[in-house]
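I opened the notebook to look up a few backbone and packing details. Here is what I went through, in the order I took it.

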Amino acid sequence: VVAVAAALAVAQVALHYGEMDMSGNRVTELFARSAMDELPANSFAIMHGDTITNGPRYLHQVEQWRPDIVFWSGEMATYEGWKRHHHHYPGVTFPNEMYPPYRRDGFSVKDLLDANYARFRRRIFTCIGFKHDDPTPFDTYTELPFGACNLVVRKDDFPPFDEYYWASKRVMDQLAEQLLTADHASVFMRDTWEYHTVVRQIDRVVEYGLILAQYPVGPSYKDN
């Protein structure tokens, strides 16, 4: 019985190794590097979601990639111990001890943006966008596609079209070029990080076209 079970296990490996071999899979790494490389110097990036948080955090903390960028994760800021780590975010003002806003010692994303907008103006980004379970920023702030991330601006402080277009076109061209050389989404199973990463990149290019078509009115479709 043991011999039969072992033989079946070996057969399964032989049959499926090729399709399950991810040794050459660099989708998450390339996505993380692309997202970080495109950000201006000394940016403040608000992250959420596994793919966009874990990849850049590894590169930033382990490989010291783009040490000038300050990354803040809303998910990590919900842990009690996080309040002891404010000093790891140079230049960022935290309006209270922790996230989210329904805690007595909590702050919202809007609170965070209000406290830091003047200092980081034109250098605040969301990577994967605002958290939809915290609607506080939507009345005052909006997002403009900027490669894999979004540039955060106040609705009364849109950058001039030429300024935004030429800054964003370069990084969007890089994103489109990366899509042409990356593995197609169909290569990966639908429940994988890689599948959602590739699909998200495609969505970014489409969103960018929509933004340009209605600028300078602003991305009202994001507010609905």
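I began with β1, helix α3 (residues 50–61) and β2, which make a right-handed β-α-β unit; right-handed here means that, with the strands pointing away from the viewer, the path from the first strand over the helix to the second runs clockwise. Helices (H or I, at least four residues) and strands (E, at least two) are DSSP runs, numbered from the N terminus. I worked on a predicted model, where local features need pLDDT of at least 70, side-chain atom pairs count only at pLDDT 80 or more, and totals for chains, interfaces and linings use all residues. Residues are numbered from 1 along each chain as its sequence is written, and side-chain values use heavy atoms, with hydrogens and water left out.

Next I checked the pairing: strand β1 (residues 44–47) runs parallel to β2 over four bridges (DSSP must find at least two bridges for a pair). Phenylalanine 44 sits opposite valine 70 in β2.

Which way do the side chains of strand β2 (residues 70–73) point? I found Val70 and Trp72 on one side and Phe71 and Ser73 on the other, all buried (under 20% relative accessible area; exposed is over 50%, partly exposed in between; 1.4 Å probe, protein chains only). In a regular strand, side chains alternate between the two faces of the sheet.

Then I turned to the loops. Arginine 66, between α3 and β2, has a positive phi near 50 degrees without being a glycine. Arginine 66 counts as buried because its relative accessible area is 16%.

My last entry is the peptide bond from tyrosine 99 to proline 100, which is cis, with omega near 15 degrees. Proline 100 lies in the loop between β2 and α4 (109–116).
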